[in-house]
Structures are given as C-alpha cells and as structure tokens.
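Me: I have not worked with this structure before. Could you take me through it step by step?

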Amino acid sequence: VKTTLIPTSNDNPNDYRVLVEGASDALLSGGLVELLSRVLAGTDTEKDGHDNNCVTASDVLTLKPEVLTTALGLQTVLTRGRNDGMASMVRVVQCQIQSLLDSRSGVAQQQQQTSGESTIE
C-alpha cells in the first residue's frame, strides 16, 4: 500500500487529501485495497468547485480501523481474517500518513532554523 498526501488550498498538513494505491495478486485482496482507496479518497470536487466530502489526513488518523468494515456493511460478508486484514491496511495507511506529516514538519522546522525565523502555531 502506498499513501500520498495531496496539499489543499489552505496548505494545512492535517487537511491534506489522501491518495492510497496498491496492488495484489489475489483478486479479493486487490478489491479490498481498491475499496479502501475509494473510501479514503472521499468524493471528488463538485461542480461548484468545493470539496464537499473531502476525506483529510486528519480524518484518516482518527478513523478506527476495527469499525471500517462494519461501517461499510462488509463485516458479515467477509471472514474474520479479511476484516482483520482491512483493519491492518488502515493502520498501515495511518502510520504512513503520520510519517509523511512528521517529515514535513521536520523540514518546515529546519527551514525556520536556517532562515532565523520562528513561528508559534
């Protein structure tokens, strides 16, 4: 699973959109990766130009992995192992997002130190 954060117009890292990509040789596993990708992508920009149901990095970090399949109505049709696998994929994505946000924060702090500027947020 590969996770990418896409900056939004306000450039707040917690508001970044999330793009999840992945592949699997197993048909069912590949389908679960695609489903996760679509759920985390939210809806596209509407005709009025606003992201009405945009899922952000912050949203994904607060998501409870164990309840995703229940919320999607899949818990009863997937085996326990597949439900656990979906929760594990969410945890991997959450770790990747946190790592990307931490590295971005570290770069911003380094730039502030070298330029002599300081910011309190």
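Me: Which residues of the largest nonpolar core touch the most other members?
Reply: They are L5, V18, L36, V60, V93 and I97, in a core of 20 residues. A nonpolar core is a set of buried Ala, Val, Leu, Ile, Met, Phe, Trp, Tyr and Cys residues joined through side-chain atoms within 4.5 Å. Buried means under 20% relative accessible area, exposed means over 50%, and partly exposed lies in between (1.4 Å probe, protein chains only).

Me: Which elements supply at least two residues of this core each?
Reply: Strand 2, helix 1 (27-41), helix 2 and helix 4 (80-115) do. Helix 4 gives the largest share, six residues. Helices (H or I, at least four residues) and strands (E, at least two) are DSSP runs, numbered from the N terminus.

Me: What should I know about the model and its numbering?
Reply: This is a predicted model, in which local features need pLDDT of at least 70 and side-chain atom pairs count only at pLDDT 80 or more, while totals for chains, interfaces and linings use all residues. Residues are numbered from 1 along each chain as its sequence is written, and side-chain values use heavy atoms, with hydrogens and water left out.

Me: In what order do the elements run?
Reply: From the N terminus the order is β-β-α-α-α-α, that is, two strands and four helices. Of the 121 residues in the chain, 26% count as buried.

Me: How do strand 1 and strand 2 pair?
Reply: Strand 1 and strand 2 (residues 17-21) pair in the antiparallel sense over five bridges; DSSP must find at least two bridges between two strands for them to pair. In this arrangement T3 stands opposite V20 of strand 2.

Me: Which residues form the covered face of strand 1?
Reply: T3 and L5 form the covered face of strand 1 (residues 2-6), and K2, T4 and I6 form the uncovered one.

Me: Back to V18. What does it touch?
Reply: Leaving out residues up to four places away in sequence, V18 touches several residues, among them T3, L5, L40, V60 and I97. Contact means heavy atoms within 4.5 Å. T56 is also a contact of V18.

Me: Is T56 buried or exposed?
Reply: T56 is buried, with a relative accessible area of 12%. T56 lies in the loop between helix 1 and helix 2, and beyond four places in sequence it touches N14, D15, Y16 and V18.

Me: Now E66. Where is it found?
Reply: E66 is in the loop between helix 2 (57-62) and helix 3 (68-71). E66 is partly exposed, at 47% relative accessible area.

Me: Which residues does E66 touch?
Reply: Not counting residues up to four places away in sequence, E66 touches A87 and R91. The side chains of E66 and R91 are joined by a polar contact of 3.1 Å. A polar contact is a pair of N or O atoms within 3.5 Å; within protein, one must be able to donate a hydrogen and the other to accept it, and residues adjacent in sequence count only if both atoms are side-chain atoms.

Me: What is the average pLDDT?
Reply: The chain averages 77, and 75% of the residues score at least 70. pLDDT is the predictor's confidence in each residue, from 0 to 100. Among the elements, helix 2 has the highest mean (90) and strand 1 the lowest (77).
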